[in-house]
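Me: Got a model open here and want to walk through it. Can you take my questions as they come?

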Amino acid sequence: MNPIPVLKPDMPSADQLLPYLRRIDAAQQYANFGPLNRELEERLSAECTAVSELQVHLTTVANCTVGLQLALMACVERPRVKVLVPSLTFPGTVSGILQAGFEPVLADVDPARWVLTPEIARKAMMRVRGIRAVMPVAAYGAALDVAAWDRLTEDTGVPVVIDAAGAFGNQRVGQRTLVAFSMHATKALGAGEGGFVASRDPDVIARVRRLSNFGYMNAGGLISDIGVNGKMSEYAAAVGLAAMDRWADICEQRRSLADRYLSALRM
Ligand SMILES: Cc1ncc(COP(=O)(O)O)c(C=O)c1O
């Protein structure tokens, strides 16, 4: 037996991390959106802006699951609403909905594309009353058609949060649609644990950021919402930055692997 791994984490080495760890030593800020987190956010946002062809704002989070939770809390007002979600996904998608205090409604996926489509969502929203948000999943990292999801929000007023845990570099952020990405070690851009929530709307991102920091509104300690601790530490940001330094090489390697699979499968 010579097993072929479906996925091997591809993380930065200790040497690649060291300059960033030294910067943490020098700044002596270890958490709470320090300089490394802010630099990582700028670099991630430049990449997402290029992919999305619109200005993307984002905030880092401890992981994608908490990002999904906070994105829903930031854009859905009513308590105990129903959120439509595909039945083919990772448990974190449904955990995010439940942790936000909402009720997941599972929908079948399109048999050809393995994803929840806007057409399926529109039908489900006519059949099931009380669906106030939709959380489609970019299954296996394949990007969803964000313009079609934007249209669903325009037509119905129902917000859409895409779970794009494995689709960094691939999934566009919409005019209206929010997107949460994972930086788990198994993802294209790994920080060990981590993630971020991206949107065109800076106000929604500011709300997600507050929710990820206990709901603190300002340094004076005023609380605007009941939040959680979902922040990314400076150490995870250091790994994220070192991974970002390798991003062009990572993309190249993934492209060449995909080409090899495609040509072998065609044989
Ligand atoms: C579709 C999907 N959603 C959510 C997650 C959870 O991401 P995280 O580990 O960053 O919370 C994953 C992780 O594999 C995933 O594949």
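Me: Which residues are around the ligand?
Reply: This is a predicted model. The residues around the ligand are N63, C64, T65, T89, F90, T93, V137, D163, A165, S182, K187 and G194.

Me: How far is the ligand oxygen from a polar backbone atom of C64?
Reply: The distance is 2.9 Å, from a polar backbone atom of C64 to an oxygen atom of the ligand.

Me: And the side chains of T65 and S182, what distances there?
Reply: An N or O atom in the T65 side chain sits 2.6 Å from a ligand oxygen. For S182, a polar side-chain atom is 2.7 Å from an oxygen atom of the ligand.

Me: How much of the ligand does the protein bury?
Reply: The protein buries 83% of the 400 Å² that the ligand exposes when taken alone.

Me: Switching to aromatics. How many aromatic pairs are there?
Reply: The count is seven, taking ring centres within 6.5 Å as a pair.

Me: What kind of pair do F168 and F181 make, and why?
Reply: Edge-to-face, because their planes are at 90°. The ring centres are 6.0 Å apart.

Me: Where do those two sit in the chain?
Reply: F168 is in the loop between strand 5 (161–163) and strand 6 (178–182), while F181 is in strand 6. They are 13 residues apart, and the pair links distant parts of the chain.

Me: What about F168 with F196?
Reply: Their planes are at 85°, so this pair is edge-to-face, with centres 5.8 Å apart. F196 lies in strand 7 (residues 195–199) and F168 in that loop, so the pair ties together parts 28 residues apart in sequence.

Me: Are F168 and F196 buried or exposed?
Reply: F168 is buried, at 7% relative accessible area. F196 is buried as well, at 1%.

Me: Which residues form the cluster of ring pairs?
Reply: F168, F181, F196 and W247 are linked into a cluster by ring pairs.

Me: What lies over the face of F33?
Reply: R209 does, at 3.9 Å from the ring centre.

Me: Now helix 6. Which of its residues are buried?
Reply: V146, A148, W149, D150, L152 and T153, in a helix that covers residues 146–156.

Me: What covers them?
Reply: The cover includes helix 5 (118–127), strand 4 (131–134) and strand 5.

Me: What happens at the start of helix 6, and what follows the helix?
Reply: At the start, a side-chain oxygen of D145 comes within 3.2 Å of the backbone nitrogen of A147. G157 follows helix 6, with a positive phi near 80°.

Key: Residues numbered from 1 in each chain as written. Predicted model: local features only at pLDDT ≥ 70, side-chain atom pairs only at ≥ 80, totals over all residues. Heavy atoms only, no water. Phe/Tyr/Trp six-rings, centres within 6.5 Å; stacked < 30°, edge-to-face > 60°. Helix = DSSP H or I, 4+ residues; strand = E, 2+ residues; numbered from the N terminus. Buried < 20%, exposed > 50% of the residue type's maximum accessible area, 1.4 Å probe, protein only. Lys NZ or Arg CZ within 6 Å of the ring centre and 35° of its normal. Contact = heavy atoms within 4.5 Å. Polar contact = N/O pair within 3.5 Å; in protein donor to acceptor, adjacent residues only side chain to side chain. Near = heavy atom within 4 Å. Areas by Shrake-Rupley, 256 points an atom, 1.4 Å probe, with all protein chains shown as cover.
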